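The following explanation leads the reader through a structure one region at a time. Please keep the sequence and the 3D view at hand while reading.

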Amino acid sequence: SAPEPDKDCIFCKIAVGEIPAEIVHATELSVAFRDVNPQAPVHVLVVPRDHYENAAEVAHWAPAAASDMIATARDIAEKEGLDDGYRMVFNTGPAAGQTVFHAHLHLLGGRSLEWPPG
Ligand code: 5GP
Ligand code: ZN
């Protein structure tokens, strides 16, 4: 099904430029911007332009966008010099800490990242 735009969604608004964000990369399918509350020296969010609730929905309905998001994160990691490694995370559902229900990939790097996460 086609995605339903969500007029109250903060990431939909960032994607169309309705609210400001520090954009680091944009493609036809995705937009990447710095997290407002960074958890690492590099903390970028990559979101599909279209509104899907989580990563699995993107992969199912818009696989090209899912692929674009991951390749975009890789490109940003290279550009930001994260040669030692970085993490891509999709928090999915409240118990995993998802608070914004517009799919987003967290790209984290620039410090050592504990595993398993908290
Ligand atoms: P979640 O917890 O849903 O996986 O991640 C949501 C992320 O979005 C959080 O890391 C939070 O800091 C970030 N965030 C929430 N609102 C905004 C905003 O208006 N602008 C930016 N740049 N990041 C936001
Ligand atoms: Zn949205």
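**A guided reading of the model**

Not counting residues up to four places away in sequence, Ala 62 touches Pro 48, Asp 50 and Tyr 52, where contact means that the C-beta atoms of two residues, placed from the backbone, lie within 7 Å. The structure is a predicted model, in which local features need pLDDT of at least 70 and side-chain atom pairs count only at pLDDT 80 or more, while totals for chains, interfaces and linings use all residues. Residues are numbered from 1 along each chain as its sequence is written, and chains are lettered from A and ligands numbered from 1 in the order in which they are written.

Ala 62 is located in the loop between α2 and α3; helices (H or I, at least four residues) and strands (E, at least two) are DSSP runs, numbered from the N terminus. Ala 62 is buried, with 20 other C-beta atoms within 10 Å. A residue is called buried if 20 or more other C-beta atoms lie within 10 Å of its own, exposed if 12 or fewer, and partly exposed in between, with C-beta atoms placed from the backbone. Between Ala 62 and Leu 29 there is a separation of 33 residues in sequence, and their C-alpha atoms are 9.4 Å apart in space.

Helix α3 comprises the 17 residues 63–79. Which residues of α3 are buried? They are Ala 65, Ala 66, Met 69, Thr 72, Ala 73 and Ala 77. Seen down the axis of α3, these buried residues fall within an arc of 135 degrees, so they line one face of the helix; the arc is that of the directions from the helix axis to the C-beta atoms. Pro 63, Ala 64, Glu 78 and Lys 79, on the other side of α3, are exposed. The cover over the buried residues of α3 includes β1 (23–26), β2 (30–34), β3 (42–48), α2 (55–61), β4 (86–89) and β5 (105–109). After α3 comes Gly 81, which has a positive phi, near 75 degrees. Most residues other than glycine have a negative phi, and most peptide bonds are trans.

Another buried alanine is Ala 15, with 23 other C-beta atoms within 10 Å. Ala 15 belongs to helix α1 (residues 10–15). Apart from residues up to four places away in sequence, Ala 15 touches Val 31, Val 47 and Arg 49.

UniProt, in an unreviewed entry, lists His 104 under "active site"; its positions are given in the numbering used here, feature names are shortened, and annotations may be inferred rather than shown by experiment. His 104 is placed in the loop between β4 and β5. His 104 counts as buried because it has 26 C-beta neighbours inside 10 Å. With neighbours within four places in sequence left aside, His 104 is in contact with Phe 11, Leu 45, Val 46 and Val 47. The UniProt annotation "domain: HIT", also from an unreviewed entry, covers residues 10–118. This span is 28% helix and 23% strand, and its end C-alpha atoms lie 26 Å apart.

In the segment after β5 is Pro 116. The peptide bond from Trp 115 to Pro 116 is cis, with omega near -5 degrees.

Note on methods
Expected span 1.5 Å × (residues − 1).
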